[in-house]
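My notebook is open, and I have a few things to look up in this one. Here is the model I worked from.

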Amino acid sequence: MEQQILLQTKIAFFLGNFNKVLEIWQQNDYEDDYYYFLVSRALIAARELKPKTIRLTKKPSSKLLEITDIVSRFMGPLIEQQRADTTIDEDRKQIEDVLKKLKDIIPQQNQKIIQIICAYMSVNSCEAQYALQLELPKDAFQQELLYLQFMIYLRGRRFDLAESTLLDLRRFDDEDILTYLAQIYLNLYNGQPEQAFKSIQETKDRFGDSSKLMNLMITCLIHQNKFEEAFESGQKVKTLIIDNEQFSDRQEIEVCLSNLIVLSELLNKQQQKEEYIQVLEQINKSCHFLKRYQEKVKKIDQLS
């Protein structure tokens, strides 16, 4: 029963269904560091987004509060809200500074959180090549660290190492949600949107639909130049997770809006594009997509 709680929470978390994560937590008493690591991120998102679709009535345990505090102090401000003007060298220094601070303040029993936070910083700062030099022991939250290493290799265009890490994930658990997601991303990065589409459908059949899978479907449609279909699908996702306030991972909200901005530009829907940009700025004005998009617009203005 306890392992089933952890499994259901993990599936909901990585599919972006934070509403389900907190529902499971409120209905069950289960203590586990990794379980708390998942729940803590959903609690932080609930505090930031204030969704109307969930009412928190359960009081967190002291252990969960401790882990939530660590995640909030380091993964929140330093990963999700990085400055929009950071350089590669600044990103590297940021990771090094955080690593030092974490080692100084995190209790010994929570040292394994250090590796996973630094891995997330490495992936989200797009500083993949530097991240490959970090020591990430596979005995600390093994599957998620393996998955993060896989994503780092993909960002660094090291497909040979990514495929090798995917094999490690398969050996760990061939039926795990992270293994399924890794296969989808490998297909996308390899320029195989049709195969990625099939992998998404398999994942949907196995674990159910979610905002993440819908966003990935839209990415496949964009890669196949099916822009009108992708735009219609993107609007449906926006209605589901933004207009109807379904509580999802903020990253999926950002991906949804980023896709709609790109598609609005491709389809010459200028007014809608500006609306989506405004909504995205309200959610996270420092997200990486906006950073890249603003740089692109600035270059175009300079050339014109």
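This is a predicted model: local features need pLDDT of at least 70, side-chain atom pairs count only at pLDDT 80 or more; totals for chains, interfaces and linings use all residues.

**Entry 1: Ala46 and helix H3**

I started with Ala46, which is buried at a relative accessible area of 9%. For burial I used these cut-offs: buried is under 20% relative accessible area, exposed is over 50%, and partly exposed is in between, with a 1.4 Å probe and protein chains only. Ala46 sits in helix H3.

Residues are numbered from 1 along each chain as its sequence is written, and side-chain values use heavy atoms, with hydrogens and water left out.

**Entry 2: the whole protein**

I looked up the secondary structure next and found 16 helices and zero strands. Both are DSSP runs numbered from the N terminus: helices are H or I with at least four residues, strands are E with at least two. Of the 304 residues in the protein, 51% are buried. Among contacts with a separation of 6 or more, 67% join residues 24 or more positions apart; contact here means heavy atoms within 4.5 Å.

Then I checked confidence. The average pLDDT is 80, and 74% of the residues score at least 70; pLDDT is the predictor's confidence in each residue, from 0 to 100. The value is below 50 over residues 77-86, a stretch with 32 contacts in the model beyond near neighbours in sequence. Residues 126-132 also have pLDDT below 50, and that stretch has 17 such contacts in the model.

**Entry 3: cores**

Which residues have the most contacts inside the largest nonpolar core? I found Phe14, Tyr35 and Phe150, in a core of 61 residues. A nonpolar core is a set of buried Ala, Val, Leu, Ile, Met, Phe, Trp, Tyr and Cys residues joined through side-chain atoms within 4.5 Å. Helix H3 (residues 33-49) gives the most to this core, with 11 residues. Another core lies apart from it, with 21 residues that include Ala230, Val237, Ile277 and Phe289.

Leaving out residues up to four places away in sequence, Phe150 touches Ala162, Thr165, Leu166, Ala182, Tyr185 and Leu186.

**Entry 4: aromatic rings**

I counted seven aromatic pairs in the structure. Rings of Phe, Tyr and Trp (its six-membered ring) pair if their centres lie within 6.5 Å; planes under 30 degrees apart are stacked, over 60 edge-to-face, and the rest tilted. Tyr34 and Phe37 make a tilted pair, at 6.5 Å centre to centre with 40° between the planes. These two are about one helical turn apart, because they are three residues apart in helix H3. Both Tyr34 and Phe37 are buried.

The pair of Tyr180 and Phe207 is edge-to-face, because the ring centres are 5.1 Å apart and the planes stand at 85°. Tyr180 is in helix H10 and Phe207 in helix H11 (residues 193-207), so this pair ties together parts 27 residues apart in sequence. Tyr180 is buried at 17%, and Phe207 counts as buried at 16%.

I stayed with Phe207 for its surroundings. Not counting residues up to four places away in sequence, Phe207 touches Ile11, Leu15, Glu175, Asp176, Ile177 and Tyr180. Phe207 and Asp176 are 31 residues apart in sequence and 9.8 Å apart in space, C-alpha to C-alpha. I also noted one aromatic cluster, formed by Phe13, Phe14, Phe18 and Tyr147.

**Entry 5: Thr179**

Is Thr179 buried or exposed? Thr179 is buried, with a relative accessible area of 1%, and lies in helix H10 (residues 177-189). Its side chain reaches the backbone oxygen of Leu169 at 3.5 Å. Setting aside neighbours within four places in sequence, Thr179 is in contact with Leu166, Leu169, Arg170, Asp173 and Asp174.

**Entry 6: cysteines**

How many disulfides does the structure hold? I found zero, using a cut-off of 2.5 Å between a pair of cysteine sulfur atoms. Cys220 is buried at 0% relative accessible area, and Cys256 counts as buried at 1%.

Note on methods
A polar contact is a pair of N or O atoms within 3.5 Å; within protein, one must be able to donate a hydrogen and the other to accept it, and residues adjacent in sequence count only if both atoms are side-chain atoms.
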